[in-house]
Amino acid sequence: MSDVVTLERVTRSYGSVTALDDVSLGFPRGRFVAVMGPSGSGKSTLLQCAAALDTPTSGTVRIGGVTVSGLNETRRTEVRRKHVGFVFQSYNLLPSITVEENLTLPLRLAGVRPDRAWLSELVERVGLGGRLRRRPAELSGGQQQRAALVRALAARPDVVFADEPTGALDLRSAAEVLGLLRELVDELGQTVIMVTHDPAAAARAHETLVMADGRVVDLLSAPAPEELAVRLTRLNGVLT
Ligand SMILES: Nc1ncnc2c1ncn2[C@@H]1O[C@H](COP(=O)(O)OP(=O)(O)OP(=O)(O)O)[C@@H](O)[C@H]1O
């Protein structure tokens, strides 16, 4: 299985704080990987570096075969537009335009014609068919996050980064969104890397990477939520 995102000896320091400490790892194509760890363990920094939102202090990051570490902001933006999709806790839909316009906005900004058949398939999959002409505020949180999922996948990116995608949702909507993420990976061959604090969310991924102190300390294959909760409680105990 080829890796879609690769980190080689990546370190990211902020002054005297080493947020990522010499991390080497690969994220395989077509997998759903969760990233967990105590607060301050480096999850967001890992995501920012792996998604070309930030540049490491040292080391190499490759996305879809392109070396992104060392590129300037303009070139990194180009790589992100072409290769990366994002889903955030806060949906980040523009309130003044319709849901449909939101779905294609990143493509239009990149000057790319939307693939209508692909978009229709995604919209059907996430069950938003009848809501495309509404404004985001007329949708529930779960529906808005499902729209954000479609937007993230619209350009058929190499990888989707999801940062706490269920953090603002009730249990049922969260379960639906996680089920969809897994389905998009298993049935449409997408690749998802998700940062989460929720062991139940991580349990829907194929693998969970556990971080502590800027390093990857575990890679667990389809762990049960209870097993993850115990692992994290131990790490929290060590760190506090
Ligand atoms: N912009 C920044 N400036 C200075 N220090 C930073 C910055 N961003 C992160 N850090 C530090 O780097 C370390 C890792 O932070 P990071 O946000 O990656 O952790 P996290 O695991 O995502 O935490 P949380 O779960 O609380 O979001 C922390 O010690 C944090 O204070």
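**View 1. Helix α1 provides the largest share of the shell around the ligand, three residues.** The structure shown is a predicted model. Both β2 (17-28) and α1 (43-50) contribute at least two residues each to the ligand shell.

View 2. Around the ligand are Tyr14, Val17, Ala19, Gly37, Ser39, Gly40, Ser41, Gly42, Lys43, Ser44 and Thr45. Sorted by class, this shell holds seven polar, three nonpolar and one charged residues.

**View 3. An open sheet of six strands with mixed pairing.** The strand order is β6-β7-β8-β3-β9-β10. At the edges stand β6 (84-88) and β10 (215-221), each with a single partner strand, so one side of each has no neighbour in the sheet. On average, neighbouring strands of this sheet are turned by 20° against each other, direction ignored. In general, strands of a sheet pair through backbone hydrogen bonds, in either a parallel or an antiparallel sense.

**View 4. Parallel pairing of β7 with β8.** Strand β7 spans residues 159-163 and strand β8 spans residues 192-195. Four bridges join the two strands. Asp163 has Val195 as its bridge partner in β8.

**View 5. Helix α1 against the sheet strands.** The helix α1 lies across β3 (32-36), β7, β8 and β9 (207-212). Relative to β8, α1 runs at about 150°. Helix α1 is also the element that gives the ligand shell its largest share, three residues.

Conventions. Residues numbered from 1 in each chain as written. Predicted model: local features only at pLDDT ≥ 70, side-chain atom pairs only at ≥ 80, totals over all residues. Near = placed C-beta within 6 Å. Nonpolar A, V, L, I, M, F, W, Y, C, P; charged D, E, K, R; others polar. Pairing = 2+ DSSP bridges. Axes fitted to C-alpha atoms, helices over the stretch in contact; angles between N-to-C directions. Contact = placed C-beta atoms within 7 Å.
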